Each structure stands twice: as C-alpha cells, then as structure tokens.
Amino acid sequence: MAAETVQTSHEDGFVNDVQYDFYGRRLATCASDRKIEVFDQDEDGHWKSSSWWNAHQGEVNKLAWAHPQYGQLLASCSADFTVQIWEEQGR
C-alpha cells in the first residue's frame, strides 16, 4: 500500500484530527491553529484543498462528518468549550 502525504495549510504544524467522509472522497483536518481544512479527492486520487477557515477561539480537537443523508455536515469541538456544526452550501 502506498502512502500519500497531504500538505495542509495549518500554521503551527500540529494536526489534532483527520476524518474521512462517509464515502472516503473528502478529508477534513483540524489543528491547534483554530482552523479546519477540507480536501477533495481528484480524479487521479490525489487530495486537493477545497476550503479552510478559522473555526473556533481555541484549538480544534476533534471532527466528525454526518451521514450523507443529512447533507455535507461537519461537527467540530474545541478547547474553547464549544461545538460547531458546519454546513457546506451549494455542493
């Protein structure tokens, strides 16, 4: 099995969690820099960043994708004691 390195945009270099969506075609990462980054798999099987954003006031610790019957929902929890539910629009 070959491994592929996915270069993220996280600024502090420490990724706290990585989660695939239900189909394994999307990948979300979160880090101590308070950001979430989402990657889409291209036709050749390589991961390309599709979006990233400042998600919380504290480091983001964990992510979870919802089942696709609920849409493109991604939950995140943080050291700022909050849980955020993110819904992608227009996909």
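This is a predicted model: local features need pLDDT of at least 70, side-chain atom pairs count only at pLDDT 80 or more; totals for chains, interfaces and linings use all residues.

Student: How much space lies in the largest cavity, and which residues line it?

Tutor: About 60 Å³. The lining is made up of Asp21, Phe22, Tyr23, Trp65, Ala66, Pro68, Gly71, Gln72 and Leu73. Sorted by class, that gives six nonpolar, two polar and one charged residues.

Student: Now Arg26. Is it buried or exposed?

Tutor: Check the relative accessible area against the cut-off: buried means under 20%. Arg26 has 3%, so it is buried. You'll find Arg26 in strand E2, residues 26-31.

Student: What does the side chain of Arg26 make polar contacts with?

Tutor: Its partners include the side chain of Asp40, at 2.6 Å, and the side chain of Gln72, at 2.8 Å. Gln72 also turned up in the cavity lining.

Student: And the backbone? Where is phi positive in a residue that is not a glycine?

Tutor: Take Arg34, with a phi of about 75 degrees. Arg34 sits in the loop between E2 and strand E3 (35-41). Another case is Phe81, where phi is near 70 degrees; Phe81 belongs to the loop between strand E6 (73-78) and strand E7 (83-87).

Student: How exposed are Arg34 and Phe81?

Tutor: Exposed means over 50%. Phe81 reaches 80% relative accessibility, so Phe81 counts as exposed. Arg34, at 37%, is partly exposed.

Conventions. Residues are numbered from 1 along each chain as its sequence is written. Side-chain values use heavy atoms; hydrogens and water are left out. On a 1 Å grid over the protein atoms alone, a cavity is a set of points where a 1.4 Å probe fits but cannot get out, and a pocket is an open set with protein on both sides within 12 Å along at least five of seven lines; lining residues have an atom within 4 Å of a point. Grid points are joined across faces, edges and corners, and a volume is the space filled by probe spheres set on the points. Ala, Val, Leu, Ile, Met, Phe, Trp, Tyr, Cys and Pro count as nonpolar, Asp, Glu, Lys and Arg as charged, and the others, Gly among them, as polar. Helices (H or I, at least four residues) and strands (E, at least two) are DSSP runs, numbered from the N terminus. Buried means under 20% relative accessible area, exposed over 50%, partly exposed in between (1.4 Å probe, protein chains only). A polar contact is a pair of N or O atoms within 3.5 Å; within protein, one must be able to donate a hydrogen and the other to accept it, and residues adjacent in sequence count only if both atoms are side-chain atoms.
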